Amino acid sequence: MLGSPDRRNSELFTLTYGALVTQLCKDYENDEDVNKQLDKMGYNIGVRLIEDFLARSNVGRCHDFRETADVIAKIAFKMYLGITPSITNWSPGGDEFSLILENNPLVDFVELPDNHSSLIYSNLLCGVLRGALEMVQMAVDVKFVQDTLKGDSVTEIRMKFIRRIEDNLPAGEE
Amino acid sequence: MAIFSVYVVNKAGGLIYQLDHYAPRSDTEMTFSYPLDLVLRPRDERVVVAFGQRDGIRVGHAVLAINGAEVNGRLTADGKDVLEFLSNPANYPVSIRFGRHRLSSNEKLMLASMFHSLFAIGSQLSPEVGSSGIEMLETDTFKLHCFQTLTGIKFVVLADPRQAGIDALLRKIYEIYSDFALKNPFYSLEMPIRCELFDQNLKLALEVAEKAGPFGPGS
């Protein structure tokens, strides 16, 4: 509903994210560096957000990548962005999957100009997912493979499980 | 009903936060005349009662203050050695306060990392895989409750044995940590928590839990 607090919040969020990206573009001048910075910032958010997520959602430890995918799509994305991406394209080994986002709140009202064709606008999300999973002992690789800003029909994020992080395991998890 | 203290331990076993909320006051202050009928001896950095027990003064109690001025380890407030001072009849009558010594920050750091190791031992001893680790340590004077998050941070609460609702309190402290410590961009992960808002909200949560009493929170 127009003017409702939720909508106002999400517009301020879109504006804030947009201001962040454009400022980074001015500061770094090339898209690759901006993408890296967005990933770094996302990582810093992810390592903190995970505790908030665990404290509020009360989910237990995931013991396989499918559980992880479910928790990310159905609980985490819903909690923080209000959307529920679908999970598809599982690799035969069960170590890679795709999240399909029909709409992405970060890119409401955004159009990518031609001189920023290699900018991954929502790269912050990749950093967030990577940082959060690292804190629960999972090393993953996250990247955008389709982006509505670049003319694709959907936004697709590909997540790949690399390995379980064995150092500094909390007691009881060995 | 009381919650005595809260400790937060990071993944490496280092103490990053500590709060003493309530200490049962068992200090006794009395005036003595020469000669002192308690046997005192030095232990670690303090002077403790080795033998002799009366009027609330127990073996193991440390000398906390002489004539109202707090002692500094084994020295009086003005730098004289406590045992020498008390063996001189000219200093009597003297008023001495005895009581259980408070843990120093270094001792707390050491104890927290020892607990971290014990916690790991606890999980290893478990006959089943994936044990939760130590959840509670019980003694006649207090119960220690521990909650380890999936990310390896431990929240430890020491409370009166009859106090209920500590599980909910531990979850609440986790929420307060994720809000006031983690969402503060100037707080670095794994470092000591020095955030005012965290302190304030934690104290509030402790008060709510204490008021709920032995039957747990209403909801």
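This is a short chat about the predicted model shown above.

Reader: What should I know before we start?
Author: This is a predicted model, where local features need pLDDT of at least 70, side-chain atom pairs count only at pLDDT 80 or more, and totals for chains, interfaces and linings use all residues. Residues are numbered from 1 along each chain as its sequence is written, chains are lettered from A and ligands numbered from 1 in the order in which they are written, and side-chain values use heavy atoms, without hydrogens and water.

Reader: OK. How many helices and strands does chain A have?
Author: Four helices and four strands. Those are DSSP runs, numbered from the N terminus: helices are H or I with at least four residues, strands are E with at least two.

Reader: In what order do they run from the N terminus?
Author: The order in chain A is α-α-α-β-β-α-β-β.

Reader: How much of chain A is buried?
Author: Buried residues are 48% of its 174 residues. Buried means under 20% relative accessible area, with a 1.4 Å probe and protein chains only.

Reader: And B:Cys195, buried or exposed?
Author: B:Cys195 counts as buried, because its relative accessibility is 7%.

Reader: New topic. How many disulfides are there?
Author: Zero, over all chains. A disulfide here is a pair of cysteine sulfur atoms within 2.5 Å.

Reader: What box do the C-alpha atoms of chain A fill?
Author: Roughly 50 × 35 × 30 Å, taken along the principal axes.

Key: Buried means under 20% relative accessible area, exposed over 50%, partly exposed in between (1.4 Å probe, protein chains only).
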